[in-house]
Amino acid sequence: MACEKELPLDEATYTKKLVVNAFNEADSLLKVNVSESTSILGTPTSDGFNAKAKVLVLKDGAVLFNDSVQLVNGNFTLPNKCNRQSVYELQIAYKDFPTIRAKDSVPYINPRVTIDTLINSSDSKKLIFKLKEPIGSHRYYLQLFSKGKEWNGVDSIEITKRLNYKSDDKIFISNVLTISSDNSFSLFDDGLINGTTKNISLNISNSELNIDGYKASEIVLSLSEVSRNMYDYYLNLLENTHVYGGPLASTSLINGNIDQGLGAFCFYSKTVQSVRIN
């Protein structure tokens, strides 16, 4: 059974916008990538921007940087660290594009997380980690990776791979991740754990750890506290991809926090823990 729906496409009225990708970790240098949007029927270009752009950065309302920068394949880095608890505003003027503007705040602390145990079974592993949650409003972005050797004949190289997992923990149910869906990342807030310590379980298929000449020796957990803007950006991505059929099924007007453009200008703080696979 299938259904069809015609969507009107007016390529003549399409207007390109600047696209900003800037996901910066607390205490790191401020890095930004700038590109342009493409229409649904258009062909994305692989050539990045390589010209000067006018950049203004405000920190807590005061001018931190105001100058032209040379874009190299769309990238530029400012010699300023992202200070915790500060609010940054970014403005970029580039050629004939509308000037974009975005604002976000840097999280204060790194998540207090430790891996409690790794339980083996015949077809899967259960990773249990402990999160000690401070008082206040906090939002989290969770990823798993595996590290191991990939063999090609008698030669091998050490690689890191994204690791899919499942969970039936109630903190995930409210924002898409369920026991019926594998994901390499998930989101949760502190609605059920505010100010307490909670054990969280993740289920990993053994097929993810041993496949096509690859054998994992370590599981890596990366937990980030993210700003509200970053949380909303990834939540919108999860909802459109896993609930409404695909990333083109945008059901929300939220397409990042870039005024007059697309993308995201966001901050996070991160804690990484790992456990060996026996």
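**Reading strands, rings and loops in this model**

Modeller: Q143 stands opposite F185 in β12. That is one place to start in this structure, which is a predicted model.

Colleague: Which strand pairs with β12, and in which sense?

Modeller: Strands of a sheet pair through backbone hydrogen bonds, either parallel or antiparallel. Here β10, residues 139-152, and β12 pair in the antiparallel sense, over 5 bridges. Strand β12 itself covers residues 185-189 and is mostly covered, with 4 of its 5 residues buried.

Colleague: How many helices and strands does the chain have?

Modeller: The secondary structure comes to 2 helices and 16 strands. The chain has 278 residues, and buried residues make up 41% of them. Its accessible surface is about 15,400 Å², and 49% of that belongs to carbon and sulfur atoms.

Colleague: What share of the contacts with a separation of 6 or more joins residues 24 or more positions apart?

Modeller: Such pairs account for 66% of those contacts in the chain.

Colleague: In what order do the strands of the open sheet of 4 strands lie?

Modeller: The order is β4-β3-β6-β7, and the pairing is antiparallel. The edge strands are β4 (62-70) and β7 (100-105), each of which pairs on one side only. Neighbouring strands of this sheet are turned by 15 degrees against each other on average, with direction ignored.

Colleague: How many bridges join β3 to β6?

Modeller: There are 6 bridges between β3 (residues 52-59) and β6 (residues 87-93), and the two strands run antiparallel.

Colleague: Do β1 and β16 pair in the parallel or the antiparallel sense?

Modeller: β1 and β16 pair in the parallel sense, over 7 bridges, with β16 spanning residues 262-276. In this pairing A22 stands opposite F265 in β16. Strand β15, residues 214-226, also pairs with β16, but in the antiparallel sense and over 9 bridges. There the bridge partner of V226 in β16 is Y268.

Colleague: Turning to rings, why is the pair of F49 and Y94 called stacked?

Modeller: A pair of aromatic rings is described by the distance of the centres and the angle of the planes. By the rule used here, the count comes to 13 aromatic pairs. The rings of F49 and Y94 have centres 4.5 Å apart and planes at 15 degrees, so this pair is stacked; the cut-off for stacking is under 30 degrees.

Colleague: Which parts of the chain does the pair of F49 and Y94 tie together?

Modeller: F49 lies in the loop between β2 (29-36) and β3, and Y94 lies in the loop between β6 and β7, so the pair ties together parts 45 residues apart in sequence. Both F49 and Y94 are buried.

Colleague: Which residues form one aromatic cluster?

Modeller: The cluster is formed by F23, Y141, F185, Y233 and Y234.

Colleague: What lies over the face of Y214?

Modeller: K161 does, at 4.5 Å from the ring centre.

Colleague: Which value of phi does K95 have?

Modeller: Phi of K95 is near 50 degrees, which is a positive value in a residue other than glycine. K95 is found in the loop between β6 and β7. Its relative accessibility is 65%, so K95 counts as exposed, the cut-off being over 50%. K95 and A53 are 42 residues apart in sequence, while their C-alpha atoms are 7.5 Å apart in space.

Colleague: And where is D27 placed?

Modeller: D27 is in the loop between β1 (18-25) and β2. Phi of D27 is near 75 degrees, again a positive value in a residue other than glycine. With a relative accessible area of 38%, D27 is partly exposed.

Colleague: Is E158 buried or exposed?

Modeller: E158 has 56% relative accessibility, so it counts as exposed. Its place is in strand β11, residues 155-162. In a regular strand the side chains alternate between the two faces of the sheet.

Colleague: What does E158 touch, not counting residues up to four places away in sequence?

Modeller: With those residues left out, E158 touches G148 and K149. E158 and K147 are 11 residues apart in sequence, and from C-alpha to C-alpha they are 7.1 Å apart in space.

Conventions:
Residues are numbered from 1 along each chain as its sequence is written. This is a predicted model: local features need pLDDT of at least 70, side-chain atom pairs count only at pLDDT 80 or more; totals for chains, interfaces and linings use all residues. Side-chain values use heavy atoms; hydrogens and water are left out. Two strands pair if DSSP finds at least two bridges between them. Axes are lines fitted to C-alpha atoms, for helices over the stretch in contact, and angles run from 0 to 180 degrees between N-to-C directions. Buried means under 20% relative accessible area, exposed over 50%, partly exposed in between (1.4 Å probe, protein chains only). Rings of Phe, Tyr and Trp (its six-membered ring) pair if their centres lie within 6.5 Å; planes under 30 degrees apart count as stacked, over 60 as edge-to-face and the rest as tilted. A charge sits over a ring if NZ of Lys or CZ of Arg is within 6 Å of the ring centre and within 35 degrees of the ring normal. Contact means heavy atoms within 4.5 Å. Accessible areas come from the Shrake-Rupley method with a 1.4 Å probe; for residues, only the protein chains shown count as cover.
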